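Biologist: Please put the model on the screen. I will ask, and you answer with values or names.

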Amino acid sequence: MELYTWIDASYATPPDMRGQTGEGAMSMGWGMMHCKSGKQKLNTKRSTETKVVGTSDYVPHNIQAVMFMEGQGYKLTKNVLYQDNQSAIKMETNSRNSCTGN
C-alpha cells in the first residue's frame, strides 16, 4: 500500500486572502483521501520559509493517516511527499545543515 502527499504553499494576492496560504492533498493511488487548504497561522518573509511552514502544517495529517492505516492492519510500503521547492526540500531533509545563513 502506498501513500502519496502533495504540499504547496504560496503568497496570496487577492484582498480577501492576504498573507500566506497552504494546501495539501493525500492519495493512495486512486482519488484523494484528504485535502486541505487555508491560511497559514505563521507569518513568513521568504517563499522557502513559507513552503517549510506549509509542510509543517500539513504533515501531521500524513502521520495520522499512516497511524490509522497501520492500526487497521495495513502496512505501507511507500510514503512519498511531493513538493515543488528544492530549497525547502533540502531544509526538510537535512534540517539546519543545509541552510546557507543570510
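Biologist: How many of the 102 residues of the chain, in percent, count as buried?
Modeller: This is a predicted model: local features need pLDDT of at least 70, side-chain atom pairs count only at pLDDT 80 or more, and totals for chains, interfaces and linings use all residues. Residues are numbered from 1 along each chain as its sequence is written, and side-chain values use heavy atoms, with hydrogens and water left out. Buried means under 20% relative accessible area, exposed over 50%, partly exposed in between (1.4 Å probe, protein chains only). Of the 102 residues, the buried share is 31%.

Biologist: Which pattern does the chain follow along the sequence?
Modeller: Helices (H or I, at least four residues) and strands (E, at least two) are DSSP runs, numbered from the N terminus. The chain has two helices and four strands. Read in sequence order, the pattern is β-β-β-α-β-α.

Biologist: What share of the contacts with a separation of 6 or more comes from residues 24 or more positions apart?
Modeller: Contact means heavy atoms within 4.5 Å. Among contacts in the chain with a separation of 6 or more, the share from residues 24 or more positions apart is 55%.

Biologist: Asn 62 is in helix α1. Which side chain makes a polar contact with the side chain of Asn 62?
Modeller: Asn 62 is buried because its relative accessible area is 10%. A polar contact is a pair of N or O atoms within 3.5 Å; within protein, one must be able to donate a hydrogen and the other to accept it, and residues adjacent in sequence count only if both atoms are side-chain atoms. Leaving aside neighbours within four places, Asn 62 is in contact with Leu 3, Met 26 and Asn 79, among others. At 2.6 Å, the side-chain partner is Thr 5.

Biologist: Is Ser 27 buried or exposed, and which backbone nitrogen does its side chain reach?
Modeller: Ser 27 sits in strand β2 (residues 19-27). Its relative accessibility is 4%, so Ser 27 counts as buried. The side chain of Ser 27 reaches, at 2.9 Å, the backbone nitrogen of Gly 29.

Biologist: How far apart are the C-alpha atoms of Gly 29 and Tyr 4?
Modeller: Gly 29 lies in the loop between β2 and β3. With a relative accessible area of 56%, Gly 29 is exposed. Gly 29 and Tyr 4 are 25 residues apart along the chain, and their C-alpha separation is 7.4 Å.

Biologist: Cys 35 is found in strand β3 (residues 32-39). How far is its C-alpha atom from that of Trp 6?
Modeller: Cys 35 is exposed, because its relative accessible area is 52%. Not counting residues up to four places away, Cys 35 touches Gly 24, Ala 25 and Tyr 58. Along the chain, Cys 35 and Trp 6 are 29 residues apart, and their C-alpha atoms are separated by 9.4 Å.

Biologist: Where is Gln 83, and how far apart in space are Gln 83 and Ile 7, C-alpha to C-alpha?
Modeller: Gln 83 is in the loop between β4 (78-82) and α2 (86-94). At 14% relative accessibility, Gln 83 counts as buried. Gln 83 and Ile 7 are 76 residues apart in sequence, but C-alpha to C-alpha they are 5.6 Å apart.
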